[in-house]
Amino acid sequence: MSENGDSETLKRGHEEGGEDVGLPKKRYYRQRAHSNPIADHCFDYPVSPDQMDWSKEYAGDLADRQVEFADIGCGYGGLLVQLSPMFPNTLMLGMEIRVKVSDYVRDRIKALRVKYPGDYKNIACIRSNSMKYLPTFFRKGQLSKMFFLFPDPHFKKAKHKWRIINDTLLAEYAYVLREDGRIYTVTDVEDLFEWMTSHLSRHPLFQRLDDADMKADPVVAKLFESSEEGQKVSRNSGEKWCAVYRRICDSHSQG
Ligand code: SAM
């Protein structure tokens, strides 16, 4: 599949325009907004990517492929549902720390697969703390896209260390992303946008896309309204800031 997706397979998501009949209702899965990403939670995680059995997560003939897109802090899964029909042969994983929210996404995907047989086989969600376990799930250079849509802003200075873009974590993101892979960020908090872009821009392995490159990427248009948080910001007439970065070649790894 090309960067732009196969135009034959580009189709509108079944769920566009709101909650669908027969799908789980968010009101039964509510959980307080913020979860402490530093605290110890009880998670199952593989000791290394080789130990992960993805066939439990993905349906049918796709199950032996590798995950390529990761939606970090996927919330209620709106982006995964939107991107699924655009890239039907690409496995995408949402990582979500909140148990009820990840349960919702898993139930949503199960219900979509029943309701639309043959579709949504390529998306899955696991409950995990991506700040701790990313390299146990993904090999070096495995991912082609990582999404950070409306990450928790952690406004207080003492909590900035909880922000999901920071120097230490960028080293992990550069590790799991392949060359030319992309990081997509959107937020409605200007201060967080400055934080994310300043950290990414000064990192030697990431280069910001210019406006023309952003326009040429069909995923960019989906970043603003697909996710539940993006829709909430729109309902409240909030502003949104978006930046996309390319994982560039590591000159030290060239022979
Ligand atoms: N991206 C979604 C959207 O746009 O609707 C959700 C945005 S919400 C403000 C941020 C989400 O990231 C929350 O659902 C939160 O539980 C999740 N999250 C925060 N830290 C995380 C972590 N370390 N690992 C996985 N998920 C995390």
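Start on helix α3 (130-137), whose buried residues pack against β1 (67-72), β2 and α4. Packing here rests on contact, meaning C-beta atoms, placed from the backbone, within 7 Å of each other. Helices (H or I, at least four residues) and strands (E, at least two) are DSSP runs, numbered from the N terminus.

This is a predicted model: local features need pLDDT of at least 70, side-chain atom pairs count only at pLDDT 80 or more, and totals for chains, interfaces and linings use all residues. Residues are numbered from 1 along each chain as its sequence is written.

**Stay on α3.** Select Ser130, Leu134 and Phe137, the buried residues of this helix. They sit on the same side of α3, because they cover an arc of only 80 degrees around the axis. The arc is taken from the directions that run from the helix axis to the C-beta atoms. A residue is buried if 20 or more other C-beta atoms lie within 10 Å of its own, exposed if 12 or fewer, and partly exposed in between; C-beta atoms are placed from the backbone.

**Zoom out.** The protein chain has seven helices and seven strands. From the N terminus, the order is β-α-β-α-β-α-β-α-β-α-β-α-α-β. Of its 255 residues, 36% count as buried. Among contacts between residues at least 6 apart in sequence, 80% join residues at least 24 apart.

**Next, α4.** Select residues 167-176. Leu170, Tyr173, Ala174 and Val176 are the buried ones. Their cover includes α3, β4 (143-149), β5 (177-187), α5 (190-202) and β7 (241-247).

**Move to β5.** Eight of its eleven residues are buried, so β5 is largely enclosed by the rest of the structure. Show β4 as well: β4 and β5 pair in the parallel sense over six bridges. Strands count as paired if DSSP finds at least two bridges between them. Pick Phe147, then find its bridge partner in β5, Tyr184.

**Now the core.** Which residues touch the most other members of the largest nonpolar core? Select Ala70, Leu93, Met146, Phe148 and Ile183, out of 53 residues in that core. A nonpolar core is a set of buried Ala, Val, Leu, Ile, Met, Phe, Trp, Tyr and Cys residues joined through C-beta atoms within 7 Å. Center on Ile183. Leaving aside residues up to four places away in sequence, Ile183 touches Met146, Phe148, Tyr173, Leu200, Phe206, Val244 and Tyr245.

**Go to the ligand.** Its shell has 22 residues, the closest being Pro37, Gly73, Gly75, Ser227 and Glu229. A residue belongs if its C-beta atom, placed from the backbone, lies within 6 Å of the molecule. Color the shell by class: ten nonpolar, seven polar and five charged residues. Here Ala, Val, Leu, Ile, Met, Phe, Trp, Tyr, Cys and Pro count as nonpolar, Asp, Glu, Lys and Arg as charged, and the others, Gly among them, as polar. β2 (91-96), α3 and α7 (228-235) each supply at least two shell residues. The largest share, three residues, comes from α7.

- Tyr120 lies in the loop between α2 (99-115) and β3 (123-127). Its phi is positive, about 60 degrees, although it is not a glycine. Tyr120 is buried, with 25 other C-beta atoms within 10 Å.
- Ser237 lies in the loop between α7 and β7. Phi of Ser237 is also positive, near 55 degrees. Ser237 counts as exposed, with 6 C-beta neighbours inside 10 Å.
- Asp44 lies in the segment before β1. With 8 C-beta neighbours inside 10 Å, Asp44 counts as exposed. Its C-alpha atom is separated by 7.9 Å from that of Ser128, 84 residues apart along the chain.

Notes: Contact = placed C-beta atoms within 7 Å.
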